[in-house]
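Reader: Could you walk me through this model, starting with how a pair of helices cross and then moving on to the strands?

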Amino acid sequence: MGRPKDYGETADVARTPLPVSAQAGAMNHAIVRVARLHRMLAAQLLRRVGLHPAQELVMMQLWDHGPQRQVDLVRMLGSDAATMTRTIQRLEHAGFVRRKPSPTDKRATIIEATPASQAVHRQIDGIWAELETATTAGLTPDQQAEALKVLQQIEDSLARAVSG
């Protein structure tokens, strides 16, 4: 399956009817479709600053909480070690983060945002605002609040299922 080249093609993907085999899991299918479209739009917007989806989450964590051990970033962002290592390598190559050994644990690596990353900080804030606007377009404030409530309930249900 090819990637849509523009938003028009992406919108067509969103209108794809539910496959018969997925009808027993209509909620699952809807979540997958929404998540895919959200990620596609995020990728388009983040491309402006040379980032890929999830890299901005690492940067936000570092900007908000300062230097952190790589293992803590893995835990906080729900990633796995290999994916986080690749993400950090790419961010380091772009000049947005640097790695240094932990002064207290020889096995740990500390990741910190570089001063150069501050140049994209405001841009990422704007991108997230634009993504939020696109995501909630056509929803009233009450509908947005209800959607957040329902999504929190779904997240809680899935977290319970995963943990036990």
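**Helix crossing and strand pairing**

Author: Helix α3 passes α6 in a left-handed crossing, meaning that the near helix is turned anticlockwise from the far one by less than a right angle. This is a predicted model, in which local features need pLDDT of at least 70 and side-chain atom pairs count only at pLDDT 80 or more, while totals for chains, interfaces and linings use all residues. Residues are numbered from 1 along each chain as its sequence is written, and side-chain values use heavy atoms, with hydrogens and water left out.

Reader: Which residues of α3 and α6 meet there?

Author: From α3, E56, L57, M60 and W63 meet Q118, V120, H121, I124 and W128 of α6, where contact means heavy atoms within 4.5 Å. The residues of this contact divide into 6 nonpolar, 2 polar and 1 charged; Ala, Val, Leu, Ile, Met, Phe, Trp, Tyr, Cys and Pro count as nonpolar, Asp, Glu, Lys and Arg as charged, and the others, Gly among them, as polar.

Reader: And Q61, is that buried or exposed?

Author: Q61 is buried, with a relative accessible area of 12%, where buried means under 20% (1.4 Å probe, protein chains only). Leaving aside neighbours within four places in sequence, Q61 is in contact with G66, Q68, L73, M76 and L77.

Reader: Switching to the strands, what does I110 in β3 pair with?

Author: I110 is the bridge partner of R69, and K100 also stands opposite I110. Strands β2 and β3 run antiparallel, joined by 5 bridges, and strands count as paired if DSSP finds at least two bridges between them.

Notes
Buried < 20%, exposed > 50% of the residue type's maximum accessible area, 1.4 Å probe, protein only. Helix = DSSP H or I, 4+ residues; strand = E, 2+ residues; numbered from the N terminus.
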